[in-house]
Amino acid sequence: MKLPEQMKRLGIIVLLFVVIVITRFFLLPETWISARPHQAAKVVREMAKPVQYAGMATCRECHADEYNTKLGGHHRTIGCENCHGPAAAHVANKDDKAATPPKHRDREFCLGCHGFVASRPNGFPQVDGQKHNVKKRCVSCHDPHDPVPPETPQDCGGCHGRIARIKAASTHAPLACTECHQVAEQHMTEPRSALPTKPAQRQACARCHDKASADPAAARSRVDFSSHGRSYVCWECHYAHLPEGTQ
Amino acid sequence: MNKRDFLKDAILFFPAAGVLQALACKAEGKELSASATTGYDQAQHWYGMGVDVDKCIGCNRCVEACKAENHVPDEPYFFRTWIERYTIRAHGEVTVECISTKTPEQRLAEQSEPIDPSVLRTFFVPKLCNQCANPPCVQVCPVGATFQTKDGVVLVDETRCIGCRYCIQACPYGARYLNPYTRTADKCTFCYHRVTKNLLPACVEVCPTEARIFGDLKAKADRLVRFQRQNVISVLKPDLNTEPKVRYARLDGEVR
């Protein structure tokens, strides 16, 4: 029996279709069709990349003394490799002198964090690098693993540099910080455990700025405290470290 | 070769090549899955980072650590993470500058500049890839080179990337750059090679003030989960619905 020509052609088309389906779903590897195998391979490659920073826990295994000293001091949150640099190579081979983490002794290194920058958060200890014991290296007075000021700081500007500098340029420059803030002695050594107060009473400002206050000859702005902004404490509107009259 | 021969050969070639490729794939098939090699299960994690803006001192150590850990080019315009300084003046003028482009000497010289009393507020903001849960960069990649892993990290497969820069345009946070040496897109991976080994990302490891907190959002007890609970959290550009997994605390409204 001879198949009609149309059936032959139809057969070829069906066969072609079957071949395509088999190729697509069974023969072609998934890497040709989907990105998923490539991505899985990338994850494996990414995970296999070498580590440069060994992590604080690794340093502790050999340098427990330094670690424990640091743990009790103000530098407790700082990882060892923050100052000493990546140490994975040192961990892998202790005897390799080239991989020994550096000990920074220069002032510039400490000033990278502790030099005064106005954008740093209020309360972060900062010094003026051009005034603070210029000839000395920081490590000659401060132990980097347990940094404590040799003397309890009395000048608030050591940690509140921006406020101190702004106040120095304002009409309030002659006033001591303690004129408005009560500061417990404990605040000097453990700053966050005893925060200074802010004036809770309008009386703090009224002493000088009330119309009826003493020394009427002194040049300063005065308001009638009985009618001016009654229910608010003054610093809720006025910035006492740089009062409006200054500029 | 005439057209008929060419088509015949082609029809034979593709399935044959496919069979070979499939066999090759089977041979190395076991290496392709991460959990099979290391026992690390991606599905158990969903990584994120917390940034406490009030703690950043702008020391730039995170940027240096990132560059050392991930071989980011030294030139000061390629970053996986960087620090911006926001300065807000009276009358609402806002200036933003990237302090990471400066040399340590330049940053040190800035310290002796006199204070500007017209500045109302100034602060540092660490930036990095937000590892969006809904990443626009993945959508636009024409070759599937960039993708999100099951633990929520967006990676770039450098062997697939064709360097078209489409993802760099699509990222609303400017977190990607074209690596001039590999000619492929590169970005923060949350130090994927570290976090999968239970180490912290390099930037978190070195941050002196704990301004950066790394964690697993799927974990029940985790520093990041705690951080989110204790602080008012904002993300960058929430209106874009990218659902960033870098969560900021005490973020000023001016920060974009």
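This is a predicted model: local features need pLDDT of at least 70, side-chain atom pairs count only at pLDDT 80 or more; totals for chains, interfaces and linings use all residues.
Which residue in β11(B) is the bridge partner of B:I233?

1. **Domains of chain A.** Chain A splits into domain 1 (53-92) and domain 2 (103-168). Their C-alpha centres are 23 Å apart. Contact between them involves eight residues of domain 1 of chain A and five residues of domain 2 of chain A. On the domain 1 side, helix α5 (residues 64-71) of chain A gives the most, with three residues.

2. **Helix α8 of chain A.** The buried residues of α8(A) are A:R107, A:C110, A:L111, A:G112, A:C113 and A:H114. A cut-off matters here: a residue is buried if 20 or more other C-beta atoms lie within 10 Å of its own. The packing partner for the buried residues of α8(A) is in the other chain: α4 (104-110) of chain B.

3. **Open sheet of chain B.** Four strands form an open sheet in the order β9-β1-β11-β10 (chain B). The pairing is mixed. Which strands stand at the edges? They are β9 (212-216) and β10 (233-234) of chain B. Each has a single partner strand, so one side of each lacks a neighbour in the sheet.

4. β10(B) runs antiparallel to strand β11 (residues 246-249) of chain B, and two bridges join them. Here is the answer to the opening question: B:I233 has B:A249 as its bridge partner in β11(B).

5. **Helix across the sheet.** Helix α9 (residues 223-230) of chain B lies across β1 (47-52), β9, β10 and β11 of chain B. Relative to β9(B), helix α9 of chain B runs at about 115°.

6. **Strand β2 of chain B.** Strand β2 (residues 81-89) of chain B pairs with two strands discussed here. Nine bridges join β2(B) to strand β4 (residues 119-128) of chain B, and the two run antiparallel. Five bridges link β2(B) to strand β3 (residues 94-98) of chain B, again in the antiparallel sense. B:I88 takes part in both pairings: B:R121 stands opposite in β4(B), and B:V94 stands opposite in β3(B).

7. **The hairpin.** Four residues lie between the strands in the hairpin of β2(B) and β3(B). Which residue there takes a positive phi? B:H91 does, near 70°.

How values were computed. Residues are numbered from 1 along each chain as its sequence is written. Chains are lettered from A and ligands numbered from 1 in the order in which they are written. Domain bounds come from an automatic or database domain assignment. Two residues are in contact if their C-beta atoms, placed from the backbone, lie within 7 Å. A residue is buried if 20 or more other C-beta atoms lie within 10 Å of its own, exposed if 12 or fewer, and partly exposed in between; C-beta atoms are placed from the backbone. Two strands pair if DSSP finds at least two bridges between them. Axes are lines fitted to C-alpha atoms, for helices over the stretch in contact, and angles run from 0 to 180 degrees between N-to-C directions.
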